[in-house]
Every structure is written in C-alpha cells, then in structure tokens.
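Welcome! Please take a look at the sequence and the structure shown here before reading on.

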Amino acid sequence: MSDTLDRPRAMITAGAIDTDVHPPLPRQADLLPYLDPYWAETFQSRDVDVLELMSFPERTKPYRRADWQGEGDALVAMQKDLLDPLQLGQAILNVVSGAHALFDPYLQLAVCRATNDWLADQWLSRDDRLRASILVPFSNVAGAVQEIERLAGDKRFVQILTLAAGELPLGRQSYWPIFEAAEKHGLPIGIHAGSMLRHAPSHSGYHSFLIEDHIAMTHGFATQIASLIAEGVFAKYPALKVVAIESGVSWVPPLMWRMSKDWRGTRVEVPWVKDSPAALIRKHVRLTSQPFDAPEDPSEVETMLSHLLSDDMLLFSSDYPHCHYEGLDVLPRGVPEAMLQKAMRANALATYPRLGG
Amino acid sequence: MPEYVVCKLTDIPMGQSRRFTAGKRDIAIFNVQGDLHAIADRCPHEGASLCKGVITSLVSGDEPGEYRLERQGEMVRCPWHGWEFDILTGKSYCDPNRMKVRSYDVKVAPGETLAEGPYQIEIYDVSVQDDYVIVTL
C-alpha cells in the first residue's frame, strides 16, 4: 500500500504540472477586444454574455467549490487557492465553453480565436507558470488548422481541446487535418468531459437527471478512443497523444480488455490496427487524475491501477475549481508511490513536449 | 515419436481441411496448395474445432483504408470467434507467442513403402497404388 498520504502535501506537489485547471469563462466584454469589427458588432447585437456548455455549466453551483468562488481578479484567486499553496511548477488552463458547440463554423472560429488571444493576454502573460489548451472549431476543420498554425509559435499553448461527445466520432477522416497539425507541432489532443449535444447524450436517448449525464460521459470517452484506434488515427499519426481530461480513470482497463479481445476476431476489418488496442491505449492515451473513480479502500486502488499495466498514463490534475475533494487534498488515495511520482511531472513532460521548452 | 497413418492423400482436397484422431489427439490437417500442414484441432480460446473454420488469407494493411490479401490459404479463422491462426505454424495472429496451437510434422508416403514399414496399417486397407498421409506426434 502507498505511504504517500503520510508525506507533506507540498513535498509531493512542489514543482508538479497540473494538467487540468479552469479559469472562469470569458464574458462578452472580455472577448470584444479580440474580435474583428464584424464579429464585435455581431456579438453586441446578439448580446449573449457568456457562452456556456449545457453539459458543463460553469455557473451551476455544484460545479464550483463554495470556497473557490471568490470575487475579484480570478488569476489572483487561482494563485492564492491553488498555484501558490501547492507550489505548482506549471498548470494547463482548459476553457471548456460554448465555443466548442457553436453551429456557425465562422462564428466558432472567431470565438475560439478570441478566447485563445484572451487566454494569452489575460492569463498566460500574467503568470509564467500557466500554459493553455488551444480552442479550435471542429465544425470548421480548415479554420481549426489555420488557428493551430497561427498559435504554433507560442509554446505556452500546449494542447488542442475538444469534448468527449461531439458531432462525429473523433477518429473520422474529416478531422485528420487537425491531427496532422497537432502531431506536427507536438500538441496532444485533450478530450475533456462535456458534450456538444449534437446527439442524445446517451446511447438510449435523453435521460432525466444530472447524475445520468455524468455516467454518459464515460461512454463518450470510450467511443472517442475506440474511434481513434479503429479509424487508424494512431497508424496515420504515430506520435499523436490523446489526453482524457476529467474522465475518471478507472473505466480504462475494462475498455482495454473488451476492445483487445474483440480485436482478435474483428481486426480483419481494420488491418492497420496492428497492435492490440490495449497496447495502443498505453502508448497514446493519457488520463488526468481528477475526478478519480475508485474503490473506497485505498489498497484496492493500487490493484485497480495495476490493470493499466503502465506507469506512464496518469497525469496529475486538480480540476480547479471543481468540487472533488476538501481543502488541498488533491491526490487520489492509494496511488502507488512510483506511479504518483511519475504522474506529478515526468508523465506530463513526456505527453506535452512543448512544456519542456 | 510415434507416427500415424491417418488417411489417403486424396482424402484432403486442395484448399480444404480434415480432422483426424492420432493416438489421443485431434489433429487438423490442411492442404495448402498441395502442401499438407497439421495443427492441433482445438482453438486455445474456447476449444472450437479449427477444421470447421474458414480457410483464408492474411489480411494486411499499413494505412487506414488499405487492404491486402497475403499468403493465400495459409490462415484459418476459428468458427466461433474469428480468431486467426497461421496454418503453417499454429500461431495466432493477434498474440502469436501466448495464443497458439501445436503444430505437427506431416508427410506423404507411397503405399508400397508402408506395407513393410513400422506403421499401424491394420486400421487401413493400404493399397500400393495410393499415397498416404503420416502425422508425427
């Protein structure tokens, strides 16, 4: 069993790389300076103050911790709540907003671009510990590539962000130009919990309650990873990494087992899948550590994680400011020492080549 | 190692397979373009008879959307779950080192040489005009 809980927290998190931190969503006034005149006028005439995902509603209170809802400068609050007390080395900002779900492909590009510029100016430039994921319009693939190329020179952008449930399975060929640009520039694809709600969120249609919405996410992640493998994205882009952000972690071994077993009898449909899906998942997929779905007994957590057969996959994350733990008790209990050591920093450096400079 | 005369060569037509019992073992013998290959007739997964599987080629492809058929007639797919085995070696495609069936030596001998040999010919009515299939366990 792990002895990590007995060690001072700061010793473990000092210098760590937090792979999932959320700034508050930009408001209309925040984005206006970064929009060209046409879109600035359109924004003001439509007068939507904040673009919030129905599946990831920032302003719904249970999604934010009561003690992490401070007024004033959000960066100062983040520094005081998280970056300083944990002595983090770096933290990756993920803006999960309605920008991901806009139907208008040109508006989507404009909002992604403005959000990225706002991140660079108002966050990255004000604290050199911060890094960010690039928002790109998946409904406008040419625009997405254009946005990646525009920002590729800025090494503070370290990842491309999308959602667990989108318009099409993520491996589809229409998205490949995004993956090509991502691989070229050392940008992993971050798949964050959330849905564009282009389709019913579950495979049996619409559900009634919030708790069901969260369960459906697991299937969203599994569907995306199965699609990326089967469509041959990792055969085509062998250096590409995918990070499942806020996925819960423990659902992954059963996906490995199921898909690897079924691959034996069905791989003739996809002969470019030459390695077992479990091996491909170990090579290409990474998992942020919060939230962490696990048995209550910490000794069983070690068994659960051992099924991954890899110390490379887990990436430390706080998921600030969401409510998964009390105080700064940010590390899941029961993670074996060796795996935790790698998760805090080394695995992130191996996943995000741009973090290393 | 014991050798068993299991059938006449003409009992296994080109591109087909037959199941035989040699000693206490069930053996699947395949005729791949005139060459005979013998493997254990029991899928290591759930025990299905590989003899009843589809004889096929190795499906290969490097790029998404690329399909090639290689090594025509040298693979068999288990009739139950479609796992593929190499008829020449007994190894599965997906997990060749751990998931495999035993492969046996098989040869053809003219009947006239068997009449005086060490074989258990009493179970066959060996004729000097035919060729026979012999499996070594």
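What follows is a short tour of a chain contact, a sheet and a helix.

This is a predicted model, in which local features need pLDDT of at least 70 and side-chain atom pairs count only at pLDDT 80 or more, while totals for chains, interfaces and linings use all residues. Residues are numbered from 1 along each chain as its sequence is written, and chains are lettered from A and ligands numbered from 1 in the order in which they are written.

Let us start where the chains meet. Here 13 residues of chain A are in contact with 12 residues of chain B (contact: C-beta atoms, placed from the backbone, within 7 Å). On the side of chain A that touches chain B, helix H9 (233–236) and helix H10 (252–266) each supply at least two residues. H10(A) gives the most to that side, with 4 residues. Helices here are DSSP runs of H or I with at least four residues, strands are runs of E with at least two, and both are numbered from the N terminus.

Next comes chain B, where 6 strands form an open antiparallel sheet in the order S1-S9-S8-S4-S3-S2. Its edge strands are S1 (3–8) and S2 (17–22) of chain B, each pairing on one side only. Strands pair if DSSP finds at least two bridges between them. Strand S8 (103–110) and strand S9 (131–136) of chain B are joined by 6 bridges, and B:Pro110 stands opposite B:Asp131 in S9(B).

Now for helix H6 (141–151) of chain A. Its buried residues are A:Ala144, A:Glu147, A:Ile148 and A:Leu151. They lie on the same side of H6(A) because they cover an arc of only 100 degrees around the axis, the arc being that of the directions from the helix axis to the C-beta atoms. The face turned away from the buried side carries the exposed residues A:Ala142 and A:Glu149. A residue counts as buried with 20 or more other C-beta atoms within 10 Å of its own, as exposed with 12 or fewer, and as partly exposed in between, with C-beta atoms placed from the backbone.

The buried residues of H6(A) pack against these elements of chain A:

| Element of chain A | Residues |
|---|---|
| helix H5 | 105–122 |
| strand S3 | 130–135 |
| strand S4 | 157–165 |
| helix H7 | 176–184 |

A:Pro105 is partly exposed, with 16 other C-beta atoms within 10 Å. Leaving aside neighbours within four places in sequence, A:Pro105 is in contact with A:Pro137, A:Ser139, A:Asn140 and A:Gly143.

Key: Two residues are in contact if their C-beta atoms, placed from the backbone, lie within 7 Å.
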